[in-house]
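User: I would like to go through this structure slowly, one question at a time. Please give the cut-offs behind each term as it comes up.

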Amino acid sequence: MIEIVLILFAPVIGGFMYGFERVVRARMQNRQGPPLLQPFYDMYKLLNKQAFIVNPYHTILGIMHFVTLWVVVAFIILGQNFLYVIFLHLLSTIFIILAGFSVKSIYSHIGSNRELLAAIAYEPILIMLAVGFFLINETFSISAIRENSPSIIALFLLFLAYLMVIPIKLKKSPFDASEAHQEIVGGVEIEFSGLFFEFIYMAKWLEYVFVYALLMLFMGSNTVLGLALALFIFFVINLVDNSTARIKMTHLIKIVLSVGLTLGVVNLIGLSYV
Amino acid sequence: MTTYSILIIAPLGFSAMTLFRSITIRNLITIAAVLGLSALSVKNILFSNTQVVEIFPHAVHNLFIVIDTVILLYFLLQGIITKNALVKLLAIFQIALYAIVVSLSPTLISNDILVDDTSSVMYLVINIIGGIIIVYALKYIESEEFSRFKKNAFIAMLFFFLSVMNFIVSTNNIEIFFLLFELTTLCSYLLIGYRNDELSVQNAQKALWMNQIGGVAILVALIFSIIQYDTIYFDILIKNIDKVYLLPIVLLAVAAFVKGASIPFDKWLLGAMVAPTPVSAILHSATMVKIAPYLMLKLSPAMSDFVSLTITLIGTFVFFAASLLALGKDFFKEILGYSTIAMLALMMALAAIGTPEAITACLVFILFHALSKALLFLQAGILEKSFHLKYVNDINGLVNRSPLVVFFIIIGFASLTLPPFGAFIAKFMAIESIAGEIANNPLYVFALIFVALGSVFLTLLYFKVVTKLFAKDVDVTSRHVEISKFYTIPSFLLFILLIIGIYISFEKELLSFMEIVVPLLLIAVVPVLFATLFFKKAHRVKEYNCGEKDEIVLNMYYFHMPKTVHKYIINISIIGMSLLIVGVLL
């Protein structure tokens with residue numbers, strides 16, 4: 001029952017996280033910032049906008065991105081297979097990439113291409129993470145991972161590698177080249193507007209849920225510690241976001257792949273010796 | 001008559017029957033033949049659970065020796081005619097080695113024919129998918145400008161190929177296996193050189209000498225098998241295997257790498273693109289390259305830990321490298337070619353791991369890869385024939401001109417990468433199997449990284465191509481192009497088989513109900529929405545594009561790899577294979 005409620009309200013939870021983040025970021029920059037509910041006010045305002053679309057494919061693929069991401073989050077909450085969830089998440093990324101390429105807009109294309117390159121950087125790390133959990137729990141099932149004791153110590157290096165994935169997925173500095181508001185004005189989002197932008201907006205919220213739900217798995221059965229970890233990392237990510245500059249896409253790939261894969265390999269080899 | 005003998009002899013008969021007929025009669029014979037062969041292979045997997053074994057009489061063995069000698073002499077002759085030193089040299093080398101093999105007489109005798117479950121699965125792939133491609137070829141070859149006899153010979157050769165393939169997956173005798181291996185080489189040589197222009201002849205020769213290397217490897221393996229184990233039979237060799245003397249196994253594995261076009265032997269398969277598209281389709285999906293994982297599956301019980309680890313690492317490395325190289329390509333068939341190389345390497349790696357789960361994954365992969373690749377190559381043929389398109393960058397907005405072709409291409413790519421399709425399941429199980437092996441040997445971590453990176457590269461590659469299909473302006477008036485039934489029906493059949501495949505993977509519990517249904521719905525709903533949702537109420541606007549008004553032409557992104565990377569990749573794979581042989585010798 002609790003699962004169904006969580007699944008239904010997942011976008012709302014994500015919305016609150018996004019709102020909270022804006023508050024936190026503002027305070028870090030020593031300004032007042034918007035109210036906590038600002039994302040929902042945005043949503044309400046967008047509802048009343050006139051509907052503009054470029055072409056139906058673009059719009060449909062954008063909506064499918066949101067729907068698939070919701071399903072991904074639902075699969076995590078239901079405790080399905082970790083590896084499977086990662087591939088399903090790739091499907092949702094593919095939808096948004098296809099959407100970006102389906103319009104004749106330079107910014108959209110560049111954004112899509114960067115999104116694609118970002119996927120090259122973080123997907124292998126996610127797969128290694130899944131294998132790391134597999135080596136400890138002897139299963140890919142998320143519900144089994146949730147029943148076992150915290151594995152953050154055994155998987156510490158993979159945990160560090162995962163910390164590099166979070167800013168990529170949430171479009172945070174220094175790894176936010178795929179969105180890059182000042183440079184390519186949001187990338188794939190640029191051609192969405194009004195009602196249809198809401199789906200992209202909500203998908204963004206769902207990414208928060210996705211990322212932090214996976215993070216909580218490091219604490220296994222201990223939900224309180226899991227929430228504490230998520231909150232702590234939430235602050236860290238925002239602190240880093242506020243204090244670093246954006247790096248180029250090529251650097252992003254090089255850094256994330258070289259550092260991330262090395263951390264992952266060392267951790268997995270270590271696990272197989274224990 | 002037993003099923004296997006019908007499957008071997010009948011295509012030979014059809015092959016002869018199609019040679020001198022008019023188009024209609026030839027087409028009717030072909031369709032009936034394909035239906036018959038497919039029905040037989042389905043019946044075989046459903047109703048016969050026992051292993052079939054048979055020993056050939058002495059006269060048949062002698063006949064095979066004669067045929068083999070003729071083929072080797074033919075290769076030599078081709079080498080002399082085309083003045084290709086490499087072909088000549090390898091042919092002479094093969095003849096000498098073959099003479100040694102024939103002169104030795106091992107005493108441990110077993111069955112010449114052994115049809116097991118793996119063979120039954122291979123029958124399905126060969127006859128159903130191969131058959132569908134032949135039906136497609138009926139129309140395709142008519143649109144080319146060749147003499148009537150040459151056109152019929154094309155169909156006849158394809159049937160002959162099926163026969164050889166059916167035989168090669170039924171035999172237990174390495175000597176006969178060698179004969180059939182050479183026959184497939186011959187078939188591919190003839191088919192690749194079919195157009196008889198300069199490039200075709202050149203590529204055909206490349207295919208010939210590369211595959212001859214495989215032949216040499218098998219012959220040397222045979223000699224060592226006779227000396228060390230006193231047998232020329234797979235089952236005895238594998239049963240009596242001594243983990244200290246693994247040279248025959250490793251050499252056979254090298255032959256598999258050659259047939260599977262693994263890097264550094266990849267050039268022959270890429271060169272095969274010059275042939276008419278049905279040739280690529282049949283080489284990549286149902287025949288030829290599938291010998292590679294099949295042979296690995298046969299050998300895997302005899303592998304030591306070292307051998308199985310090394311082959312897994314080579315296989316996964318090639319999977320990664322070929323996917324990487326494919327990212328810079330624009331020629332549609334070349335992209336498909338590289339992805340075949342990549343996936344075959346992964347299949348071989350899975351076979352080498354050899355756990356029950358890995359073997360299931362390998363078989364699933366063989367089956368579904370064949371389906372998807374056949375579907376994609378058929379579309380490549382349609383693009384060439386109906387739209388005169390060869391390069392991905394030119395297929396802008398194809399969705400307006402032929403939604404059906406676009407649909408099949410997307411299904412083809414999706415079925416290779418996304419849940420719930422078979423090839424995805426195989427990749428999924430591959431990662432699971434490798435993860436399981438890491439607990440025993442940490443070096444498998446590298447195999448894992450190669451698979452993880454390779455599969456992401458491949459996914460991106462495919463969807464990079466798909467993006468081109470959608471790229472379109474605001475509202476273009478659609479111009480539909482009619483496509484022949486001979487093209488669409490085979491594509492539909494393959495599509496239906498893919499769907500049946502999903503049902504089977506559900507029956508076999510490879511994935512749970514939810515894991516299959518949910519993504520299927522997500523993927524299926526997209527074309528439905530495309531066809532029904534038009535957003536009539538929403539206003540159409542030009543792209544905002546930050547208000548920039550300049551005319552722009554958007555092309556595809558390429559991720560071109562410098563030559564040095566290519567060189568490194570070749571070197572690493574050569575080192576890997578040398579390591580494999582040297583490691584076994586020591």
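Analyst: We can begin with helix 19 of chain B, whose 17 residues should span 24 Å at 1.5 Å a residue, the expected span being 1.5 Å times one less than the number of residues. The end C-alpha atoms of helix 19 of chain B are 24 Å apart, which agrees. Helices (H or I, at least four residues) and strands (E, at least two) are DSSP runs, numbered from the N terminus. This is a predicted model, in which local features need pLDDT of at least 70, side-chain atom pairs count only at pLDDT 80 or more, and totals for chains, interfaces and linings use all residues. Residues are numbered from 1 along each chain as its sequence is written, while chains are lettered from A and ligands numbered from 1 in the order in which they are written.

User: How many of the 17 residues of helix 19 of chain B are buried?

Analyst: A residue is buried if 20 or more other C-beta atoms, placed from the backbone, lie within 10 Å of its own, exposed if 12 or fewer, and partly exposed in between. By that count helix 19 of chain B is mostly covered, and the number of its residues that are buried is 16.

User: Which helix gives the largest share of the side of chain B that touches chain A?

Analyst: Two residues are in contact if their C-beta atoms, placed from the backbone, lie within 7 Å, and the contact takes 52 residues from chain A and 47 residues from chain B. Among the elements of chain B that give two or more residues to this side are helix 19 and helix 22. The largest share, 13 residues, comes from helix 20 of chain B.

User: In strand 3 of chain B, what is the bridge partner of A:Phe52?

Analyst: Strand 1 (residues 52-53) of chain A and strand 3 of chain B run parallel and are joined by 2 bridges, and two strands pair if DSSP finds at least two bridges between them. In strand 3 of chain B, the partner of A:Phe52 is B:His539.

User: How far apart are the end C-alpha atoms of helix 4 of chain A?

Analyst: Helix 4 (residues 56-77) of chain A is mostly covered, with 19 of its 22 residues buried, and A:Gly79, whose phi is positive, near 75°, follows this helix. At 1.5 Å a residue, those 22 residues should span 32 Å, and the distance between the end C-alpha atoms agrees, at 32 Å.
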